[in-house]
Amino acid sequence: MAAERINGKQIVAEIREQISQEVQSLKDKGIQPGLAVVLVGDDPASAVYVRNKAKSCADVGIHSEVYRLPAETSQSELLQLIGKLNADSHIHGILVQLPLPAHINEDAVIDAISPDKDVDCFHPVNVGNLMIGKPGMLPCTPAGVIEVLKKIGISIEGKHAVVVGRSNIVGKPMAMLLLRENATVTVCHSRTPNMEEITKQADILVVAVGRAQMIEARHIKPGAVVIDVGMNRLDNGKLTGDVHYDDAAQVAGYITPVPGCVGPMTITMLLQNTLQAAKNKAS
Ligand code: GUN
């Protein structure tokens with residue numbers, strides 16, 4: 001039996017409607033949530049992501065400012081801008097699009113963002129709070145994955161969740177959020193031998209490795225929920241995930257499309273974090 005395709009568009013629309021309403025009620029109290037997005041250099045993929053983020057803000061009534069800086073921008077110039085945004089009371093969230101040009105130290109830039117405006121949840125203070133289960137900012141992509149699972153009515157508690165990938169942006173925080181939901185969590189990565197034996201045990205399989213179509217039907221337990229975080233471009237120009245969709249859909253119970261689910265959910269969680277940061281300031 002073919003897997004159910006998860007309707008990312010509908011889930012995103014529902015959550016964004018809720019966010020719009022909350023933004024409006026904050027605005028009625030004289031507060032408009034504001035997000036600053038900083039893009040350094042001219043990476044075409046980053047430019048598309050940044051444009052999507054600004055458009056999504058406008059759609060829900062969040063004020064956004066995009067700072068497009070030349071690739072030659074020095075680290076100290078970037079740190080100066082972050083200092084200014086940290087002090088700006090109209091800005092509740094700051095996002096510096098990664099990757100940065102090689103001459104800029106990403107850690108130094110992330111460390112400079114005020115933790116209460118760190119809507120990516122990349123700052124060590126927020127990463128630490130996530131690790132010890134303190135409430136606070138949640139990382140956008142992993143939080144979006146948890147929302148998708150909840151929206152389709154999957155109970156996470158007691159399930160075996162396997163995360164493929166161990167990046168700081170997705171794999172590691174994803175494992176942490178699944179653990180918070182009381183899943184039994186295994187993390188696989190490029191040095192994991194016999195990965196197929198492990199992924200085949202997953203009730204919930206989250207794939208975030210950045211390798212086109214590497215997960216196939218043979219990696220998947222019949223009926224499993226497969227969440228594809230990947231976004232890769234094939235030689236023919238088509239976008240595809242880290243999961244071979246048509247093959248995996250023969251075995252999985254549920255599967256996310258790429259594009260059209262995790263990407264827009266990530267932006268939705270960014271909007272949610274910006275709204276939350278504004279609410280925190282208002283209270
Ligand atoms: N580059 C790729 N994904 C992300 C993300 O989630 N946040 C930022 N700031 N940069 C990224």
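Predicted model: local features only at pLDDT ≥ 70, side-chain atom pairs only at ≥ 80, totals over all residues.
## Overall form

The chain contains ten helices and eleven strands. Its C-alpha trace extends over about 55 × 40 × 40 Å along the principal axes. For 283 residues, a compact globule would have a radius of gyration near 19 Å, and the chain agrees with this because its own value is 19 Å.

## Annotated spans

## Surroundings of the ligand

The ligand is surrounded by Leu 95, Val 96, Gln 97, Leu 98, Asp 120, Cys 140 and Ile 169. By residue class, this shell comprises five nonpolar residues, one polar residue and one charged residue.

## Packing of α6 and α10

Helix α6 spans residues 140-151 and helix α10 spans residues 262-282; the two pack at an angle of about 105°, and their axes are 8 Å apart. The helices are therefore roughly perpendicular to each other, since angles of 65 to 115 degrees fall in that class.

On the α6 side, the contact is formed by Cys 140, Thr 141, Ala 143, Gly 144, Val 145, Glu 147 and Val 148. Their counterparts in α10 are Val 262, Met 265, Thr 266, Thr 268, Met 269, Leu 270 and Asn 273. Across this contact, eight residues are nonpolar, five are polar and one is charged. Cys 140 belongs to this α6 contact and also to the shell around the ligand.

## Backbone details

Most peptide bonds are trans, and most residues other than glycine have a negative phi.

A cis peptide bond links Leu 98 to Pro 99, with omega at about 5°. Pro 99 is placed in the loop between β4 (93-96) and α4 (106-112), while Leu 98 is one of the residues surrounding the ligand. A cis peptide bond also connects Val 258 and Pro 259, where omega is about -5°. Pro 259 is found in the loop between β11 (254-255) and α10, and α10 is the helix that packs with α6.

Asn 194, a residue other than glycine, has a positive phi near 50°. Asn 194 is located in the loop between β6 (184-188) and α8 (195-199).

How values were computed:
Residues numbered from 1 in each chain as written. Near = placed C-beta within 6 Å. Nonpolar A, V, L, I, M, F, W, Y, C, P; charged D, E, K, R; others polar. Axes fitted to C-alpha atoms, helices over the stretch in contact; angles between N-to-C directions. Helix = DSSP H or I, 4+ residues; strand = E, 2+ residues; numbered from the N terminus. Parallel < 35°, antiparallel > 145°, perpendicular 65-115°, else oblique. Contact = placed C-beta atoms within 7 Å. Rg over C-alpha atoms; globule rule 2.2 N^0.38 Å.
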